[in-house]
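Here's a quick briefing to keep beside the structure while you look around.

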Amino acid sequence: MKSIRPARPELEYLVPYDAKDIRAEVMLAANEHPSNLPGEIVEKLSDRLSEFRFNRYPDPMASKLRELIAEANGLEPANILVGNGGDELIFDILLAWGGPGRTLLDLPPTFSMYGIDAQVTGTEVVRIPRDAEFEVDGETVLARLSRGDIDVVMISHPNNPTGNIAPETLLIDILNATDALVLVDEAYFEFSRHTMRPHMERHPNLVILRTFSKAFSLAGLRVGYLLGNEEVISELTKVRQPYSVDSFAQWVAASVFRERVVFQQAIRDIMRGRDTLMHGLSSMEEVTVFPSEANFVLFRVEHASALWRDLLHNHSVLVRDFSRAPGLDDCLRVTVGSDQENERFLAAVTEVLSQRRASQILGNGAHSRHGTVGELGY
Ligand SMILES: *Cc1c(COP(=O)(O)O)cnc(C)c1O
């Protein structure tokens, strides 16, 4: 035969997630850590690299790492599931709690993977948009949950890409209102210090997601983990890929986790850098800055995608363009970088905006809103 039988019909309208692999001198688009792993950790690893068994399949449950994470969180290993990045665990949750005939409650604008994974797994999505300040519409959410047909809720906390957190009292109300699985995505926990961990014992339907990608310089290795009720973890092990977390990643992540105090200073530096960015941006007349509890800052500026393009092409500064995403008109998100990167970003924005003012005074301030593909996602 000379034809291909079509893939599942549901895929027809799906567009692959575009991770926008654009390179620039200043990379502030993906909420990565500005620094590579600390040299002392890399040295210890390289000293032992020759003993590493590349030829053996990994420990499917990442037992060592699992034990370390359990102990640090006052839990049992049975309460922990390690994944190939937090992303895999989000997918696993939708494989197990979503699927045809099941429903995800999503609170956009938020992390786009929730909606994408829902589509891929055939899960219906109910969306309750956040308000103009990106606060969760608690009343509508609680009313919707009381109908009893939501199977899983995903809440990014702090919310990516807006940076804000939901009031803890609202999260508790949500947990009280439903037996749906409630994922509180704490990918930015190390920056926000807000966690729902103390509520796990009272709420077996609560699962918490964390990652090594943001505060621990390991975005390239793909390691994330869930804290959850033993029964939830055991359901998820039925759908997960047994060897998804490779042994090299397990080994490096365990070393990083053991030495995690080493990262405290960098985390403080990033939080200081966030203040510098917020302060710098809010001093610009044309810019509205949204408060952030994470390692990034969302801001709104007229002709945002023109600014995005200018920053990349004339200053080699890459930020994330959300200006076409629903609810995020004219919004860009900048990741906190090193001090030099933050300064370069602020100087570049200052220059572009002052050029813009000058050209507006001259009467030729025609800025196109077109030309850049708006991006969703990280
Ligand atoms: C970055 C991020 C994750 C997970 O990222 P991984 O690199 O897959 O661990 C999960 N949720 C949110 C909201 C994120 O921003």
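Predicted model: local features only at pLDDT ≥ 70, side-chain atom pairs only at ≥ 80, totals over all residues.

**Around the ligand**

- There are 14 residues around the ligand, and Asp-185, Tyr-188, Thr-211, Ser-213 and Lys-214 come nearest.
- Tyr-188 puts a polar side-chain atom 2.6 Å from an oxygen atom of the ligand.
- Arg-222 also has a polar side-chain atom 2.6 Å from an oxygen atom of the ligand.
- Asp-87 uses its backbone instead: a polar backbone atom there is 3.0 Å from a ligand oxygen.
- Helix H3 (85-97) and strand S7 (206-211) are the elements that give two or more residues to the shell, with H3 providing the largest share, three residues.

**Salt bridges**

- Asp-87 counts as buried because its relative accessible area is 18%, while Arg-222, at 26%, is partly exposed.
- Asp-151 and Arg-102 meet through their side chains at 3.7 Å, N to O.
- Asp-151 sits in the loop between helix H5 (138-146) and strand S5 (152-156), and Arg-102 in the loop between H3 and strand S3 (103-106), so the pair ties together parts 49 residues apart in sequence.
- Arg-197 and Glu-201 form a salt bridge at 2.9 Å, N to O; Arg-197 is buried at 13% relative accessibility, whereas Glu-201 is exposed at 56%.
- Asp-269, Arg-272 and Asp-339 are linked in a network of salt bridges.

**Surface patch**

- Leu-49, Phe-54 and Phe-248 make a nonpolar surface patch of about 280 Å².
- Phe-54 is in the loop between helix H1 (39-48) and helix H2 (63-72), and it is exposed, with a relative accessible area of 59%.

**Pro-34**

- Pro-34 is in the loop between strand S1 (26-27) and H1, and it is partly exposed at 31% relative accessible area.
- Leaving aside neighbours within four places in sequence, Pro-34 is in contact with Ile-270, Val-336, Gly-337, Ser-338 and Glu-341.
- Pro-34 and Ala-266 are 232 residues apart in sequence, yet 9.2 Å apart in space, C-alpha to C-alpha.

Terms used:
Residues numbered from 1 in each chain as written. Heavy atoms only, no water. Patch = residues over 30% accessible without salt bridge, like charges linked within 9 Å, V, L, I, M, F, W, Y side chains within 5 Å. Areas by Shrake-Rupley, 256 points an atom, 1.4 Å probe, with all protein chains shown as cover. Salt bridge = Lys/Arg side-chain N within 4 Å of Asp/Glu carboxyl O. Helix = DSSP H or I, 4+ residues; strand = E, 2+ residues; numbered from the N terminus. Buried < 20%, exposed > 50% of the residue type's maximum accessible area, 1.4 Å probe, protein only. Contact = heavy atoms within 4.5 Å. Near = heavy atom within 4 Å. Polar contact = N/O pair within 3.5 Å; in protein donor to acceptor, adjacent residues only side chain to side chain.
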